[in-house]
Amino acid sequence: MIEKRKPIEVTEAVNRVMTYARELTYEIVPIEESDGRVLAEDIYASHPIPSFDKSPYDGFAFKAADTNYASQDAPVSFEVVEHIPAGTIGKKTLKKGEAVRIMTGAPLPKGADCVAMFEICQTYQENEKEYMSIKRTINALDNVNRKGSETLEGTHLVEKGTYIHPGVKAVLATFGHATVCVAKKPLIGLFTTGTELLDVSDDLVPGKIRNSNGHMIASQINRAGGEVRMLGTLADDFEASYKAIQEALNEVDMLITTGGVSVGDYDLMPDIYDKLEAEQLFNKVAMRPGSVTTVAVKGNQLLFGLSGNPSACYVGFELFVRPVIQKAMFSKQPYPPKSKAYLTTDFPKPNPFTRFVRSRVVAKDGQIWIEPAGIDKSAVVTSLIETNAFMMLPGGTRGFKKGDKVEVIFLDTYQGQTEPWTT
Ligand SMILES: Nc1nc2c(c(=O)[nH]1)N[C@H]1C(S)=C(S)[C@@H](COP(=O)(O)OP(=O)(O)OC[C@H]3O[C@@H](n4cnc5c(N)ncnc54)[C@H](O)[C@@H]3O)O[C@H]1N2
Ligand code: MOO
Ligand SMILES: [Mg+2]
């Protein structure tokens, strides 16, 4: 008789794991290499934006008061005393009746307090001098992009733990961050286990399968922002596996194994954890797939024993490993965001445990819809092709109907949420 495992709720399991999640360290990289990294520092505005009063248009700058009596019948004329391209400071201080020809982005000259676009100005020459006339009044500060109007100096703009995407990068460049302080990627060791596993380049032979979990999890680690150390495949041999895992722990921040966590004769991971004297946080979770997911901790290192079944392995990673990676990289929103969507089709399966259906989410006619991405079985790999979300169906329910509103957990996003969602 094997020992019967006691399942715990998913939220409880996530919370137990997160108790051991800790922030790691940082490194400095050139801004060019910061895409997809995570900020390890808060970013403040080191100067106002704009940093000077500037023209938002190609046109003329002058004193607004000079147009007080301008009208269709009584245009007001200005002598154009200077041209100011962007990047150039005007030399003149404008006097009454004078204007400068100014380009978008150029600083307003001294004495000017407004801009008029070319389109509402007439230009002409007289006695080799350049003039501009205008037929309407302009108010002071009209068409002036004021210093600090976008951002005041000292404003807290980007929070430590933010994923660096093109918008964040633009702000980093704006404030002169040629190098960026980013979270060091947590180094995650990865073993696949199973005597049945072939390498991706091997020919298929009877009874064996190619190792898909290794490449899948490596890809999930990369997507989550971690760094993977591929440690290879372990045959189902206790001593060799124990030794390899023990040694690997010296080299990585955390360790993932796939397979060998259930109750089979060759499922060695539980005994390996025992021999390592690692404390098992749980070995059964009230979820499908991935119920056999086992997480242990040795010292301050987490050991994730993900299921061997591909879909279960995939779900186990997203629910338990990804938030730990996010936390390691200073994220204040480490959990995948949850919302609601409408089911496109009946889902008649009863759910004794909380079910995480690999699903495809689409926005259609102003609503979010969700549908299973393929066969809903733990051993299935092909349903992962179109998976961009999990449909989270609560335990104890008897199936759902087309049009029902269900909970959805998004996977293809770098914006997480602060609190763990509850099942
Ligand atoms: N008597 C019971 N049997 C099983 C139970 C149970 O509760 N009682 N749970 C089932 C569930 S649920 C799952 S999920 C699996 C979990 O199995 P393991 O995590 O122990 O994984 P393995 O036995 O090593 O492999 C399971 C399955 O996955 C294939 N596999 C393994 N590694 C890979 C890989 N790297 N790439 C692709 N496929 C892989 C392996 O060949 C097996 O078919 O246990 C059930 N059994
Ligand atoms: O761990 Mo199993 O995936 O629940 O099917
Ligand atoms: Mg097994």
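This is a short tour of a predicted model, stop by stop, for you to follow in your viewer.

Residues are numbered from 1 along each chain as its sequence is written, while chains are lettered from A and ligands numbered from 1 in the order in which they are written. Because the model is predicted, local features need pLDDT of at least 70 and side-chain atom pairs count only at pLDDT 80 or more, whereas totals for chains, interfaces and linings use all residues.

**Stop 1: the domains.** Colour the chain by domain: domain 1 is 10–25 + 185–328, domain 2 is 29–47 + 152–183, domain 3 is 59–134 and domain 4 is 338–410. These bounds come from an automatic or database domain assignment. The centres of domain 1 and domain 3, taken over C-alpha atoms, are separated by 70 Å.

Stop 2: Helices (H or I, at least four residues) and strands (E, at least two) are DSSP runs, numbered from the N terminus.

**Stop 3: two helices.** Now show H3 (residues 213–224) and H6 (residues 310–328), which pack at an angle of about 30° with axes 10 Å apart. The axes are lines fitted to C-alpha atoms over the stretch in contact, and angles run from 0 to 180 degrees between N-to-C directions. That makes H3 roughly parallel to H6 (angles under 35 degrees count as such).

**Stop 4: ligand 1.** Which residues come nearest to ligand 1? Of the 27 around it, they are Asn-213, Gly-259, Ser-262, Ser-307 and Gly-308; a residue is near if its C-beta atom, placed from the backbone, lies within 6 Å. H3 and H6 each supply at least two residues of this shell.

**Stop 5: ligand 2.** Move to ligand 2, surrounded by Arg-288, Pro-289, Gly-290, Ser-291, Val-292, Ser-307, Asn-309, Ala-312 and Ser-378. Zoom in on Pro-289, in the loop between strand S17 (287–288) and strand S18 (294–298). The peptide bond from Arg-288 to Pro-289 is cis, with omega near -10°.

Stop 6: Select Pro-50, between strand S2 (43–44) and strand S3 (59–62); the bond from Ile-49 to Pro-50 is cis, with omega near -15°. Finish at Glu-128, in the loop between strand S7 (121–126) and strand S8 (129–134), where phi is near 65°, a positive value in a residue other than glycine. Most residues other than glycine have a negative phi, and most peptide bonds are trans.

Technical notes:
Angles under 35 degrees count as roughly parallel, over 145 as roughly antiparallel, 65 to 115 as roughly perpendicular and the rest as oblique.
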